[in-house]
Amino acid sequence: MNPIRKQRLYALVAILIGSLLATWLVISALSQNMNLFYSPTEIKVAELNENTLIRAGGMVKTGSIIKDTNSLNVVFTVTDYQNDLEINYEGILPDLFAENAGVVVRGNLNTDGSFKAIEVLAKHDENYMPPEVAKLMQEDL
Amino acid sequence: MIKKWLIEMGSPPLFYKWSTKILPWLFISAILILGIGLFWGLLFAPTDYKQGDVYRILYIHVPSAILGQSIFMFMAFCGFINVIWRAKISGMMLKSAAPIGVSFTLLALVTGSIWGKPTWGTWWVWDARLTSTLILFFIYAALIGLHSTIEDKTKADRAVSILSIVGLAIIPVIKKSVDWWQTLHQPSTFTITSSPSMSPDMYQPLLLCLIGFYLFFALLLTLNLRNEILERERTKNWVKQLLGGAG
């Protein structure tokens, strides 16, 4: 490689490193703010004020969903397997909302420590399989 | 041997002649593989135990997202060659790939949105994966915009080359966003370290779709590049001869 090309190569590598470094700095400065939601443990530690609009997320605890028969009110518990958070919500739930499935809720804390959600989003995992396979796996467990 | 071939391919007229020969093969293989992959995935692959038939959109969403990122890496690679060796064809390649890359990225965003509504319950959320992909889309737009603002094509190529190398930093962020932060988007189904968390009769058509998308990209790139070559070399003798002296 001739000297001029070598020089250009060094310049390009410097640009790339600079750009990666800048991106890394931005990301580390934002750090926690890059997360979409807080876990129940983080919310417990943070001692948030009631009016702050936040997103909380975790798994819906098995057997915790209580649907009101006369309205769209629903109460359920979100857990990160360390702490729980009780969620109150009024509205239509996404199709994938289920026990033991991931969920992200937006809203604010009530004075009693429960959470008033204005939006419930369902998370789905990266596993895909036909129903028959899923059934077999259930039986294995 | 390889060096000689590379130098030959770097010459616009030789590349043009060579591409005329491979174009029909590229066309047939792209249509065939993409067709089989999509038919298989959209009609014959089993339904998902949780999402039902909705998940089938991944046969378009996943390949287009992968292509959006691969094309960007390809462009940065062309940019690299263009800056160091000043090979004219690498600049043309970079320019020809940009509109294809931006289209695939947009397709990934749109199909993701359509998939998000019935499964997550929202069209859009500002999580790290979605936001970083949107940034990629804007970087593509900036590259295309920058190229069209500079009159001198060679200078435009060089400017875009450098910007594409700067933009390369977004790719690892997109890739790792689902692992580094809590997102609504699920983590990758396919990883290098473990077997795919998807049953074989679902990922086989996906693999075919992915190969099909790559071939389709190669086809579009070749077509775009041929146009670009003719346009930039229109004053050269070989183009005049090719077009029967009409120009």
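Predicted model: local features only at pLDDT ≥ 70, side-chain atom pairs only at ≥ 80, totals over all residues.
Residues are numbered from 1 along each chain as its sequence is written, while chains are lettered from A and ligands numbered from 1 in the order in which they are written.

Chain B contains nine helices and zero strands. Here helices (H or I, at least four residues) and strands (E, at least two) are DSSP runs, numbered from the N terminus. The element order from the N terminus is α-α-α-α-α-α-α-α-α. The C-alpha trace of chain B spans about 60 × 35 × 35 Å along its principal axes. Of the 247 residues in chain B, 39% are buried. A residue is buried if 20 or more other C-beta atoms, placed from the backbone, lie within 10 Å of its own, exposed if 12 or fewer, and partly exposed in between. Two residues are in contact if their C-beta atoms, placed from the backbone, lie within 7 Å. Among contacts in chain B with a separation of 6 or more, 76% join residues 24 or more positions apart.

Helix H3(B) has 28 residues, and its end C-alpha atoms are 39 Å apart. H3(B) is largely enclosed by the rest of the structure, because 20 of its 28 residues are buried. Just after H3(B), B:Arg86 takes a positive phi of about 55°.

The axes of H3(B) and H8(B) (residues 200-232) lie 9 Å apart, at an angle of about 45°. Axes are lines fitted to C-alpha atoms, for helices over the stretch in contact, and angles run from 0 to 180 degrees between N-to-C directions. The two helices are therefore oblique to each other. Angles under 35 degrees count as roughly parallel, over 145 as roughly antiparallel, 65 to 115 as roughly perpendicular and the rest as oblique. Residues making this contact include B:Tyr59, B:Val62 and B:Ile71 of H3(B), and B:Pro205, B:Phe213 and B:Phe217 of H8(B). H3(B) also meets H4(B): their axes come within 8 Å and cross at roughly 160°. These two are therefore roughly antiparallel. Their crossing is left-handed.

Helix H5(B) covers residues 128-149. Its buried residues, among them B:Leu130, B:Leu136, B:Ile139 and B:Tyr140, pack against H3 (58-85), H4 (88-119), H6 (153-167) and H7 (170-180) of chain B. B:Gly37 lies in H2(B), residues 12-44. B:Gly37 is buried, with 22 other C-beta atoms within 10 Å. Not counting residues up to four places away in sequence, B:Gly37 touches B:Pro205, B:Leu208, B:Cys209 and B:Gly212.

Between the chains, 37 residues of chain B are in contact with 33 residues of chain A. H3, H4 and H6 of chain B each supply at least two residues of the side touching chain A. H3(B) gives the largest share, four residues. Chain A itself is divided into domain 1 (3-32) and domain 2 (36-122), with bounds from an automatic or database domain assignment. The centres of these domains, taken over C-alpha atoms, are separated by 41 Å.

Conventions: Expected span 1.5 Å × (residues − 1). Left-handed = near helix turned anticlockwise from the far one by under 90°.
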